[in-house]
Amino acid sequence: MPAPRNKTEDDITAEVLQRFAETPDPRLRQIMLGLVKHLHSFVKEVDLTEPEWFKAIEILTEAGRMCSDKRQEFILFSDTLGVSMVVDLISQRKPDGATESTVFGPFHRLGAPELPAGGNIATLDKAGTPTLVGGRVLDLDGKPIEGAVLDVWQAQSNGLYDSQDQSLRGLHMRGKFRTDAEGRYLVRTVRPVNYPIPSDGPVGRMLRATGRHPWRPAHIHFVVSAEGYEPVTTHIFDRTDEYLGSDAVFAVKDSLICDFVRHETSTDAAARLGIAPPFLTADFDFRLKPTIEQGATVLDAQRRLAALGAAG
Ligand SMILES: [Fe+2]
């Protein structure tokens, strides 16, 4: 006798789970069974109505349509729902002493220029306060790592990334820096500012409808990598920012908060680079742990996303 076709919600859930139970790949099986279980129980818990279900389809469709090589609405959803940070915490458990990671965010772009130590990523930003960010890249024993690459990106002092600024073509506020024999790096930029995440799409509507603000505390993004070490995707944050306690994407970690010190008189490094006071300096050392396994990195994922966006 075939199974009866009169079904309750729980019968459907059980049948769907059973249909995925033979998935050959054990990890995919675990993910699909967990997804179905939680998705169904969510729908049942909130008694999701058909109009609400349609609304969800509409929102996801709109999010997909907004994605391009310059805009990633799904990453914004993941970030603002806190999922990115939960994934980060699960997958990036560092031993004590390694620099902590945080969200990758939607604004990284491939192809940042390689710049020498002290190279200026803010060449077009005349309004921001000149800032030198420097320090060392070290291993867990405190030994300098020579030739580490720091992929840096930041919002302009108008609060926009290059990809959001209609007056710009091409890349701005991005660069790749390499450490010297002492593990030192030096980035010339402008003071980072706090900025609202893009709110002209479904993520913005979600934030408004739920009474949340879209602001992120001032920060600079880094992916730091070196041969033989696990790359770290992280930010450094300005200690004085008013949004440190309520970051729209939950990305602040205490160890990533940094002092941006104001100078009213020149220093050797500033004079050498032709920077007149007032300017700021920030010192931050990155510590990398040795590679344990070669896995896909966040930049590999970014390359795949960029290919999707470019094809769209
Ligand atoms: Fe950012």
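Trainee: How many aromatic pairs does the structure hold?

Mentor: This predicted model holds 10 aromatic pairs. Let's look at a few of them.

Trainee: Why is the pair of Phe-107 and Tyr-161 called stacked?

Mentor: The ring centres of Phe-107 and Tyr-161 lie 4.2 Å apart, and a pair needs centres within 6.5 Å. Their planes meet at 10°, and stacked means under 30 degrees, so Phe-107 and Tyr-161 are a stacked pair.

Trainee: Where in the chain do these two residues sit?

Mentor: Phe-107 is in the loop between helix 5 (83–91) and strand 1 (130–139). Tyr-161 is in the loop between strand 2 (149–153) and strand 3 (174–178).

Trainee: Are Phe-107 and Tyr-161 buried or exposed?

Mentor: Buried means under 20% relative accessible area. Phe-107 has 4%, so Phe-107 is buried. Tyr-161 has 0%, so Tyr-161 counts as buried too.

Trainee: What makes the pair of Phe-107 and Tyr-195 edge-to-face?

Mentor: Here the centres are 6.4 Å apart, and the planes are at 80°. The cut-off for edge-to-face is over 60 degrees, so Phe-107 and Tyr-195 form an edge-to-face pair. This pair also links distant parts of the chain: Tyr-195 belongs to strand 5 (residues 195–196), 88 residues apart from Phe-107. Both Phe-107 and Tyr-195 are buried.

Trainee: Which residues do ring pairs link into a cluster?

Mentor: That cluster is made up of Tyr-185, Phe-222, Phe-284 and Phe-286.

Trainee: How do the lining residues of the largest cavity divide?

Mentor: Seven are nonpolar, one is polar and two are charged.

Trainee: And the cysteines: how many disulfides does a search of the whole structure find?

Mentor: The search finds zero disulfides.

Trainee: Why is Cys-67 called partly exposed, and why does Cys-258 count as buried?

Mentor: Cys-67 has a relative accessible area of 22%. Cys-258 has 2% relative accessibility, which is under 20%, so Cys-258 counts as buried.

Methods:
Residues are numbered from 1 along each chain as its sequence is written. This is a predicted model: local features need pLDDT of at least 70, side-chain atom pairs count only at pLDDT 80 or more; totals for chains, interfaces and linings use all residues. Side-chain values use heavy atoms; hydrogens and water are left out. Ala, Val, Leu, Ile, Met, Phe, Trp, Tyr, Cys and Pro count as nonpolar, Asp, Glu, Lys and Arg as charged, and the others, Gly among them, as polar. Rings of Phe, Tyr and Trp (its six-membered ring) pair if their centres lie within 6.5 Å; planes under 30 degrees apart count as stacked, over 60 as edge-to-face and the rest as tilted. Helices (H or I, at least four residues) and strands (E, at least two) are DSSP runs, numbered from the N terminus. Buried means under 20% relative accessible area, exposed over 50%, partly exposed in between (1.4 Å probe, protein chains only). A disulfide is a pair of cysteine sulfur atoms within 2.5 Å.
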